[in-house]
Amino acid sequence: MDLNPQQQDVHLLHYWNVIRKRWKVAFAILAVVRTGTFLASYFSKPLYLSKIRIQIERETNSVTIEDIFGIAASEQEFLQTQYVLLQSRGLALRVVEDHKLYNDPELYPQGVAGKTPKELQNIKDGIAGGLLGGITVEPVRGTSLVDISYVGGSPALSQKIAEAWGESFMRMNIAKKLDAVQQAESFLNMQIATVQAEVESSRHDLQEYGRSRGIISMGEGSKSDDVVMSKLGQLNTDLTNAQQLVFQKEAAFGAVQRTAADAIASGDPMVQRLSQDLSQMQRDYSDKLATMKEGHPEMKRLAGTIEKTRAARALAVQQAYSKQVEAARAEYSAAVSQKNSIETAYNQQRTEAQRMNVDSGRYFDLRKGVDTK
């Protein structure tokens with residue numbers, strides 16, 4: 001559409017006349033806006049953002065309750081569930097509980113001394129709600145990585161909350177896995193009861209067969225047969241126990257290897273002492289930073305001490321972790337050696353039993369079926 005240049009000039013002249021007549025009002029509005037903006041920016045409290053990145057992975061090397069009951073879930077559903085949990089009030093309360101944030105003066109300056117349990121719970125709920133307002137969870141597209149951000153009133157607080165959020169989320173997942181194991185244990189106990197009933201029935205058939213053939217039965221048969229079968233039965237029991245012990249030690253060894261060194265070494269006295277020292281030094285550094293610059297000799301000395309303590313703690317963590325790994329490996333190796341020894345003796349005894357007559361061989365097959373159940 002064509003515009004008439006003369007008409008456009010008239011419009012612009014009209015606007016200029018309006019501005020010239022109302023310039024005082026326009027200037028007053030501009031002055032008020034600029035003054036308000038200056039005051040708001042001057043008196044507003046600065047905010048700080050801290051971000052961590054964690055990886056969410058479904059366990060693929062362990063049996064879960066979903067595997068036992070045949071419940072299939074897609075990877076996308078699993079990740080979406082984890083994202084919701086990361087922003088849940090339950091996780092916020094767990095963060096407050098795990099890290100005793102109600103004792104943090106930045107989050108609750110009044111302190112909780114003398115508070116009743118109900119008042120303390122209300123304080124925790126309030127802190128948890130406030131934390132949720134500052135937490136942001138952002139999945140990294142195309143990966144299983146998640147960025148957890150927290151906006152707080154100080155750099156130290158922001159970093160503390162972000163790291164605490166990730167740590168408590170991992171603790172919550174571990175607790176869920178333990179709960180799944182307990183459910184699996186209940187299910188398996190019911191299955192064991194069913195199998196035990198079948199074992200009793202098979203054992204009855206075995207005894208009847210032995211009596212009908214004159215083979216080692218309760219108080220019947222030759223003394224040599226009784227001795228052979230008694231030893232074979234005992235070795236079979238020992239082998240079953242040894243195999244179970246190997247599975248337990250192998251699982252314990254694997255769990256230690258998969259668990260983070262900090263988690264394994266958290267109970268070590270040296271690590272605990274160095275962790276406390278490091279936390280105290282970092283608090284002292286933050287306190288002195290309010291009155292001294294980072295280049296001050298005292299601040300440099302304190303920073304050097306912090307780095308030495310952090311290195312000493314890392315070494316202590318690694319040493320404690322290596323000690324736990326070696327202990328678990330030694331127990332696993334000992335269990336394997338014991339199982340191999342018992343298995344060798346069991347195979348030798350079974351070979352001797354198989355030299356018996358055909359009826360005895362059939363008897364042993366039935367007995368083996370009972371032992372397998």
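Does D147 count as buried or exposed, and at what relative accessibility? At 7% relative accessibility, D147 counts as buried. Buried means under 20% relative accessible area, exposed means over 50%, and partly exposed lies in between (1.4 Å probe, protein chains only).

Some ground rules come next. This is a predicted model, in which local features need pLDDT of at least 70, side-chain atom pairs count only at pLDDT 80 or more, and totals for chains, interfaces and linings use all residues. Residues are numbered from 1 along each chain as its sequence is written, and side-chain values use heavy atoms, with hydrogens and water left out.

Now take the whole protein. It has twelve helices and three strands. Helices (H or I, at least four residues) and strands (E, at least two) are DSSP runs, numbered from the N terminus. Of the 373 residues, 26% count as buried. The accessible surface comes to about 25000 Å², and 55% of it belongs to carbon and sulfur atoms. Accessible areas come from the Shrake-Rupley method with a 1.4 Å probe; for residues, only the protein chains shown count as cover. Look at contacts too, meaning heavy atoms within 4.5 Å. Among contacts in the protein with a separation of 6 or more, 73% join residues 24 or more positions apart.

Back to D147. It sits in strand β3, which covers residues 145-152. Leaving aside residues up to four places away in sequence, D147 touches K51, I52, R53, T136, V137, E138 and V140. With R53 there is a polar contact, side chain to side chain, at 2.6 Å. A polar contact is a pair of N or O atoms within 3.5 Å; within protein, one must be able to donate a hydrogen and the other to accept it, and residues adjacent in sequence count only if both atoms are side-chain atoms.

Next, find helix α5, residues 89-98. Its buried residues are L91, A92, V95 and V96. Seen down the axis of α5, these fall within an arc of 145°, so they line one face of the helix. The arc is that of the directions from the helix axis to the C-beta atoms. After α5 comes K100, with a positive phi near 50°.

A salt bridge is a side-chain nitrogen of Lys or Arg within 4 Å of a carboxyl oxygen of Asp or Glu. R94 is partly exposed at 28% relative accessible area, and D98 is partly exposed at 25%.

The structure holds 13 salt bridges. Helix α11 (residues 297-353) includes R301 and E298, three residues apart. Their side chains meet in a salt bridge at 2.6 Å, N to O. R301 is partly exposed at 45%, and E298 is partly exposed at 23%. R310 and E307 also lie in α11, three residues apart, about one turn of the helix. They meet in a salt bridge at 2.7 Å, N to O. R310 is partly exposed at 33%, and E307 is partly exposed at 49%. Elsewhere, salt bridges that share partners join R94, D98, E167 and R171 into one network.

Finish on the surface. L13, W16 and I19 form a nonpolar patch there, with about 340 Å² of accessible area together. L13 lies in helix α1, residues 5-21. Patches are made of residues with over 30% relative accessible area and no salt bridge: like charges are joined within 9 Å, nonpolar side chains (Val, Leu, Ile, Met, Phe, Trp, Tyr) within 5 Å.
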